[in-house]
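Please study the sequence and the structure shown below before reading on.

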Amino acid sequence: MMPRLRSAVSLLLFLLSTSVSFAQDRAPVYEGNNLPKAEVKKAPFVPRLMLGGTGGVNLSNVILQPSLRQALHIGYDGGVVLRYDVASFAGIWLEVDYSSRGWTEVHDDLPDYKYDRTINFVNVPVMTHFMIGGGSFKLTVDAGAHFGYYLGESSTVTPLPEGSKVTPFDKHHETPVQNPFFWGVGGGIGAEYHFGRHFVAGLRGSYVYGFGDLFKNSRSDIFVKSSEQIIAVKAYLLYAF
C-alpha cells in the first residue's frame with residue numbers, strides 16, 4: 001500500500017511541477033514600463049452640419065445635332081454650400097450657385113471667326129459626398145443630380161472678313177433659349193483638408209451631362225438635340241457647426 005501511495009504522490013508532484021513550468025513559459029513578461037495598456041475605444045461619430053462658399057470655372061459646350069465645330073466656352077461658377085456629414089466617410093451636399101456657361105463656335109475655313117454664346121443659370125446640385133482617408137487629409141468622390149433655371153444670355157460674334165465667300169451657319173444665332181429648366185447628372189473627384197473641428201477646405205473637379213435641350217427639338221426645328229455638358233473646377237471652404 002505504501003509503495004503505491006508513494007508512487008501516486010510522486011506522479012502528482014511531477015504533474016504539478018510540469019504545469020507550473022508550462023504556465024511560466026506561456027505567461028507574458030513585462031519589463032520596466034512595458035505594462036499592458038487598457039484598450040482605447042474610438043469615440044462614436046457625431047453628425048456635422050457645414051455651411052460655406054464655393055467658386056471656380058466652367059469649361060462647357062453644347063452637344064448639337066446637326067453638329068457644329070466648337071471650342072470650350074470658359075465661364076465662372078460661385079455660390080453657397082450646405083453639407084451634412086452623416087458618417088465619417090459620407091455626407092449630403094446641397095449647393096446653390098450662379099453658373100455661367102454656353103458654347104463657342106469656330107469655323108475651319110475662317111480662322112478668325114468666332115461666335116460665343118453665354119448662358120446664365122441658377123444651379124442646384126444635390127449630391128452624395130464620399131470621403132476616403134482616416135486623417136485630416138481626405139480624397140473625395142461626389143455623385144448626384146443637377147437642376148437649374150435659366151436667367152439670361154448674351155452673345156458675341158467676330159465680323160466676317162470683307163468679301164468673304166464663306167458664310168457660317170448662323171440660323172440659330174437669333175434664337176434664344178427655349179427651355180428654361182436644366183436637369184442632368186454629374187460626378188467628380190477631389191481632395192479636402194480638415195483644419196481641426198470647424199474648418200474644411202477642398203478642391204474638386206466634376207463633369208455634368210444635361211438631359212434636357214436648350215432649344216425645341218421637333219423635326220421642324222433647327223436642332224434635334226442641344227444638351228449641355230460642363231466640366232467644372234471649383235474650390236470650397238466650409239465651417240462646421
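Residues 24 or more positions apart account for 69% of the chain's contacts with a separation of 6 or more, where a contact means heavy atoms within 4.5 Å. The model is predicted, so that local features need pLDDT of at least 70 and side-chain atom pairs count only at pLDDT 80 or more, while totals for chains, interfaces and linings use all residues. Residues are numbered from 1 along each chain as its sequence is written, and side-chain values use heavy atoms, with hydrogens and water left out.

**Overall fold**

The chain contains 1 helix and 9 strands, in the order α-β-β-β-β-β-β-β-β-β along the sequence. Helices (H or I, at least four residues) and strands (E, at least two) are DSSP runs, numbered from the N terminus. Of the 241 residues, 34% are buried, that is, under 20% relative accessible area with a 1.4 Å probe and protein chains only.

**Nonpolar cores**

A nonpolar core is a set of buried Ala, Val, Leu, Ile, Met, Phe, Trp, Tyr and Cys residues joined through side-chain atoms within 4.5 Å. The table sets out two such cores.

| Core | Residues in core | Members include |
|---|---|---|
| Largest | 16 residues | Trp103, Ile119, Phe121, Leu214 |
| Second, separate | 8 residues | Met50, Val81, Leu238, Ala240 |

In the largest core, the four residues named touch the most other members. Strand 1 (48-65) and strand 5 (110-132) are the elements that give two or more residues to this core, and strand 5 gives the most, with 5 residues. Trp103 touches residues including Tyr115, Ile119, His172 and Leu214, not counting those up to four places away in sequence.

**His194**

His194 belongs to strand 7 (residues 181-195). Is this residue buried or exposed? His194 is buried, because its relative accessible area is 9%.

**The largest pocket**

Rolling a probe the size of a water molecule over the atoms shows where empty space is left. The largest pocket has a volume of about 480 Å³. Its lining comprises 18 residues, and Lys42, Phe45, Arg48, Ser88 and Lys138 lie nearest its centre. On a 1 Å grid over the protein atoms alone, a pocket is an open set of points where a 1.4 Å probe fits, with protein on both sides within 12 Å along at least five of seven lines; lining residues have an atom within 4 Å of a point.

Notes:
Points joined across faces, edges and corners; volume = space filled by probe spheres on them. Buried < 20%, exposed > 50% of the residue type's maximum accessible area, 1.4 Å probe, protein only.
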